[in-house]
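Hi,

Here is the structure I promised to pass on.

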Amino acid sequence: MTDALSARSRLVAAALEEAGIAGRIVVLPGAASTAALAAAALGVEVGAIANSLVFWSDDEPLLVMTSGAHRVDTAALAERLGRGGIRRATPEQVLAATGQPIGGVAPTGHPAPLTTVVDEDLAAFLEIWAAGGTPHTVFPLTFDELVRLTGGTVTRVV
């Protein structure tokens, strides 16, 4: 089944398999480059979408896995993490850090591990959905699987 996936999504699928995560990548008929589009395509609450947002902080990429129902408060998050500041990464920085385009960034399958923060509010959902490496692909997992997969720090992001 992974043969039908793009090269980027195959990397994500391999990382999921290696991590022992049962969720498989689903190819959506249309792009789901926003949490609202993904939620509508999947028939789930927008809060159950785990948005992968890449920021730049202290001269390195920072991946924030946030509920699709939230906007990240970068000033508050920087203070919580003890960082000098957090700003949105440019599209070029996102691609360099993740190997994946904005709108399709997965929590895994990157060229190197990224420092990751996981929104504590995602724990409210039995199943969450994350991008699979492209704007047309997603996969299901649990909150605990997301934290384990990313090695992320669980915190409030709003």
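Which residue just after helix 3 takes a positive phi? That would be Gly-82, at about 70 degrees. (Helices here are DSSP runs of H or I with at least four residues, strands are runs of E with at least two, and both are numbered from the N terminus.)

Before the rest, a word on the ground rules. This is a predicted model, where local features need pLDDT of at least 70 and side-chain atom pairs count only at pLDDT 80 or more, while totals for chains, interfaces and linings use all residues. Residues are numbered from 1 along each chain as its sequence is written, and side-chain values use heavy atoms, with hydrogens and water left out.

Staying with helix 3 for a moment: its N-terminal end is capped by Asp-73, with a side-chain oxygen 3.3 Å from the backbone nitrogen of Ala-75.

Now the charged pairs. Taking a salt bridge as a side-chain nitrogen of Lys or Arg within 4 Å of a carboxyl oxygen of Asp or Glu, the count is two. One is Asp-58 with Arg-83, where the closest N and O atoms are 4.0 Å apart. That pair links distant parts of the chain, 25 residues apart: Asp-58 sits in the loop between strand 2 (49-57) and strand 3 (60-67), and Arg-83 in the loop between helix 3 (74-81) and strand 4 (87-88). The other is Arg-83 with Glu-60, with the closest N and O atoms 2.8 Å apart. Through shared partners, Asp-58, Glu-60 and Arg-83 are joined into one network.

How exposed are they? I call a residue buried under 20% relative accessible area, exposed over 50% and partly exposed in between (1.4 Å probe, protein chains only). Arg-83 counts as buried at 18%, whereas Asp-58 is partly exposed at 44% and Glu-60 is partly exposed at 28%.

Strand 2 is the element I'd look at next. Nine of its nine residues are buried, so strand 2 is largely enclosed by the rest of the structure. Ile-49, Asn-51, Leu-53, Phe-55 and Ser-57 point one way, and Ala-50, Ser-52, Val-54 and Trp-56 the other.

For its neighbours, I count two strands as paired if DSSP finds at least two bridges between them:

- Strand 3 pairs with strand 2 in the antiparallel sense over eight bridges, and Ser-57 has Glu-60 as its bridge partner. The two strands form a hairpin with two residues between them, and Asp-58 in the turn has a positive phi of about 50 degrees.
- Strand 4 pairs with strand 2 in the antiparallel sense over two bridges, with Phe-55 opposite Arg-88.
- Strand 6 (residues 128-131) pairs with strand 2 in the parallel sense over two bridges, and Ala-50 has Ala-130 as its bridge partner there.

For the method: on a 1 Å grid over the protein atoms alone, a pocket is an open set of points with protein on both sides within 12 Å along at least five of seven lines, and lining residues have an atom within 4 Å of a point. The lining has 22 residues, of which Ser-33, Asn-51, Ser-52, Leu-53 and Gly-103 lie nearest the centre. Helix 2 (35-42), strand 2 and strand 6 each supply at least two lining residues, and strand 2 gives the most, with six.

Finally, two threonines. Thr-137, in strand 7 (residues 137-141), counts as buried at 5% relative accessibility. Its side chain makes polar contacts (N or O atoms within 3.5 Å, one able to donate a hydrogen and the other to accept it; residues adjacent in sequence count only if both atoms are side-chain atoms) with the side chains of Ser-9 at 3.2 Å and Thr-134 at 2.9 Å. Thr-153, in strand 8 (residues 153-155), is partly exposed at 43%. Its C-alpha atom is 9.5 Å from that of Leu-81, 72 residues apart along the chain.

Cheers

Technical notes
On a 1 Å grid over the protein atoms alone, a cavity is a set of points where a 1.4 Å probe fits but cannot get out, and a pocket is an open set with protein on both sides within 12 Å along at least five of seven lines; lining residues have an atom within 4 Å of a point.
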